[in-house]
Amino acid sequence: MRHDMFPLSPALWAATAAPPPPTSAIDASQRADVLVIGGGYAGLSTALHLAQRGIDVVVLEAREIGFGGSGRNGGQVIPGLKHDPDDLLRMYGPERGANLIQFAGATADLVFDLIARHDMDVPHVRQGWIQGAHTPRALAVAQQRAEQWRRQGVAARTLDSAEAASLLGTDRYLGGWLDPRAGAIQPLSYVRGLARAALAAGARLYTETPVDSLQRSGADWVATTSAGATVTATRVVMCTNAYGADLWPDLQPSIIDANTFQVATQPLSPAIRAGILPQGQVCSDTRNLLLYFRLDHQGRLLMGGRGPFREPRGPADWAHLERVMVKMYPQVAGVPYEFRWCGRVAITRDYLPHLHEPEPGLLIDIGCQGRGVGLQTAMGRAMAAYVATGDRAGLPVPVAPIQAFPLYGLRRLYVNAVVTWYRMRDGGV
Ligand SMILES: Cc1cc2nc3c(=O)[nH]c(=O)nc-3n(C[C@H](O)[C@H](O)[C@H](O)COP(=O)(O)OP(=O)(O)OC[C@H]3O[C@@H](n4cnc5c(N)ncnc54)[C@H](O)[C@@H]3O)c2cc1C
């Protein structure tokens, strides 16, 4: 992956994050038990949990900690997957399905637990996630979703239109449901916190160190970095997600690396802020092309959603989100926008994270759509356990062969067609 294709936008999170731990590029070839490629939530959580088990681990990050989705996301920590619990039971059967529900249901717990346990400097709140329903049909689905989680022991609540309006501060939704397990974090501070914790546990972490190739050498793997230094390891865990799938043959066509866009206002006045998400929940909605929004810890209003497949060309690429924001919250009209940025998510065919082991000793984790904060942190812990013990039964999803999207070469056309279709179906805000 050419990393200069993805400049680090002048993003909100970089402006308000706790500083990263000091790191540098690799300057000499070395050996490790395990090499982790990618310094996002998945890679750093894998490294942390391996190092805590006493395993010698090196992490190589092409740019800086959190350069990928982990430093650009909305900071909404939402447990679960795109599929509801009953779907997972149907897809995987009673035992594996129940394990996956349990795994996915606990991802937010893990994030907040790590923040507390490692005393990370990460602004966070845990007041829950509201999924706002935009049509009567979507409201019925949201109510069923809450019911399914209640059956799993979660204190999920359905919201009628009045309660949704009072919690959201907008009457644009017909109701929805509230998942109390969820919350909000400063996402770049969190990934930097994971890096600090991994370093403290003994991991070696190099930034500005892209891996250019990965080759077998006898029982080992050798990763060659762009500066020429190599890392030799018996096991490799590849956590490059949407930002480096081309490192392994055939992996790139197994995902669609779509862009998602976000905009943030300047900090709102206390009077305006008081009327928007007054209890501190985060929100995303039931649209196919969903909108996601929250306040940050300094009182900015953030709105995220679809954008062009290509990299952005200018502020016009965010204009639709700014229009939506004002429709939803007319009181922010005239408040200047302070940050506009975007990032890529790896969409998989079944909307689930994928694990591949194309050759012995090489584990690949890819995919996650919009739940990656908790999900990829938890995937990292699960992968560390697998690498340490060899026990596949503890992995949340089966290790599967890499499968390309059909007609991958036409993905831009396909994505554009799907976006147009979904826009028509989603209707206005
Ligand atoms: C704009 C946006 C908004 C989002 N909002 C949310 C949200 O609110 N809540 C939520 O849960 N999820 C959200 N997500 C998804 C979430 O951010 C991601 O799923 C998650 O960060 C993925 O973590 P990761 O560690 O798997 O990958 P990444 O964080 O993308 O890390 C991959 C890393 O690998 C590095 N890399 C790539 N190639 C190489 C190479 N050859 N050598 C060395 N290093 C390499 C990259 O530089 C990158 O740092 C959002 C994503 C985006 C983009």
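These legends accompany several views of one predicted protein model.

**View 1. The whole chain and its overall dimensions.** The protein chain holds eleven helices and 19 strands, both read as DSSP runs numbered from the N terminus (helices H or I, at least four residues; strands E, at least two). Its C-alpha atoms fill a box of roughly 65 × 45 × 45 Å along the principal axes. For 429 residues a compact globule would have a radius of gyration near 22 Å, and the chain agrees with its 21 Å (taken over C-alpha atoms; the globule rule is 2.2 Å times the number of residues to the power 0.38).

**View 2. Two domains in one chain.** Domain 1 covers 3-73 + 188-254 + 349-412, and domain 2 covers 126-183 + 257-347; these bounds come from an automatic or database domain assignment. Their C-alpha centres are 29 Å apart.

**View 3. Where the domains meet.** Here 26 residues of domain 1 are in contact with 21 residues of domain 2 (heavy atoms within 4.5 Å). About 1,800 Å² is buried between the domains, 62% of it on carbon and sulfur atoms; this is the accessible area (1.4 Å probe) lost on being put together, summed over both parts.

View 4. On the side of domain 1 that touches domain 2, H1 gives the most, with four residues.

**How to read the values.** Residues are numbered from 1 along each chain as its sequence is written, and side-chain values use heavy atoms, leaving out hydrogens and water. Local features need pLDDT of at least 70 and side-chain atom pairs count only at pLDDT 80 or more, while totals for chains, interfaces and linings use all residues.

Technical notes:
Buried area = accessible area lost by both parts, 1.4 Å probe.
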